[in-house]
Amino acid sequence: MTTTEARRKNPMAPALPDLTPAGELALLARMLHREGYDDHLAGHITYKQPDGTFLVNPFGLTWDEVRASDVMRMDADGNPLDGPWTITPAITLHLELHRARHDVGVAVHNHPRWGTIFADLGRAPGVYDQTSAMVAGEVAVYADYEGPVDQAANAKAAVVALGDASLALLQNHGVLVVARDIAQAHMRAVTLEWRCRQAWHVEAVGGGRPLPPEVHERFGRVFDTVNFPGLFEAMARRELRDDPSILD
């Protein structure tokens, strides 16, 4: 059997169990916590559903303890519809975002370690390696911090600054990532944190040679239509090996 024939015949890796939307969100929270999206109780994920409602992680649970049964459901105005816990008052940012960007299926906000450094600096990190280039386009910067995004005016201003970008840094605050689905949200959030970490280290040792913008753009655009093959599934299997109860 040739290598090409083997690729056509053999699966890439073991399949995941069937995932409910709540299970997908719980896995995303666990996976991103491992990547540094771990600022205590901060951060929220919204996942738009076909009926116009949204799944959201509960306010009082850290991202590394969320299970499918903990996930809340709310309407487009942030009113809770189902779930055992509470929804963060800071969900205003997501409400304004989804009203303005109907293309967004998943939105992630948190204060990850490296992304928040560049948010505090108020500038986008350079692209110094291939993994940093997996998201095309500019990183938007919301340069004004006038209070938390649970205030409607501040939330609307952050959404305007995002524009049609998929990644944003919120000055003196954190990051905002948007995507069409859970797997793309994972890849984009991981890429942003990787990019910020690598750029910090490269600059700390005196600077490096960034990728040409056209190379970055061409490479990153591939993943606008096709998610990185197997990435979400591999990271999900790792979480399920560590804690099979995530999907409960």
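Modeller: The protein chain exposes about 11800 Å², and 54% of that comes from carbon and sulfur atoms. Keep in mind that this is a predicted model.

Colleague: How many helices and strands does the protein chain have?

Modeller: The protein chain has eight helices and eight strands.

Colleague: Why is the protein chain called as compact as a globular protein of its length?

Modeller: The globule rule gives 18 Å for 248 residues, and the radius of gyration of the protein chain is 18 Å, so the description "as compact as a globular protein of that length" applies. Along the principal axes, the C-alpha trace spans about 55 × 45 × 30 Å.

Colleague: What share of the protein chain is buried?

Modeller: Buried residues are 47% of the 248. A residue is counted as buried when its relative accessible area is under 20%.

Colleague: Why is strand 1 said to be largely enclosed by the rest of the structure?

Modeller: Strand 1 covers residues 44-48, and four of these five residues are buried, so the strand is largely enclosed.

Colleague: What makes strand 1 and strand 5 a pair?

Modeller: Pairing needs at least two bridges. Strand 1 and strand 5 (residues 106-110) have four, in the antiparallel sense. Thr-46 stands opposite Ala-107 there.

Methods
Residues numbered from 1 in each chain as written. Predicted model: local features only at pLDDT ≥ 70, side-chain atom pairs only at ≥ 80, totals over all residues. Heavy atoms only, no water. Buried < 20%, exposed > 50% of the residue type's maximum accessible area, 1.4 Å probe, protein only. Helix = DSSP H or I, 4+ residues; strand = E, 2+ residues; numbered from the N terminus. Rg over C-alpha atoms; globule rule 2.2 N^0.38 Å. Areas by Shrake-Rupley, 256 points an atom, 1.4 Å probe, with all protein chains shown as cover.
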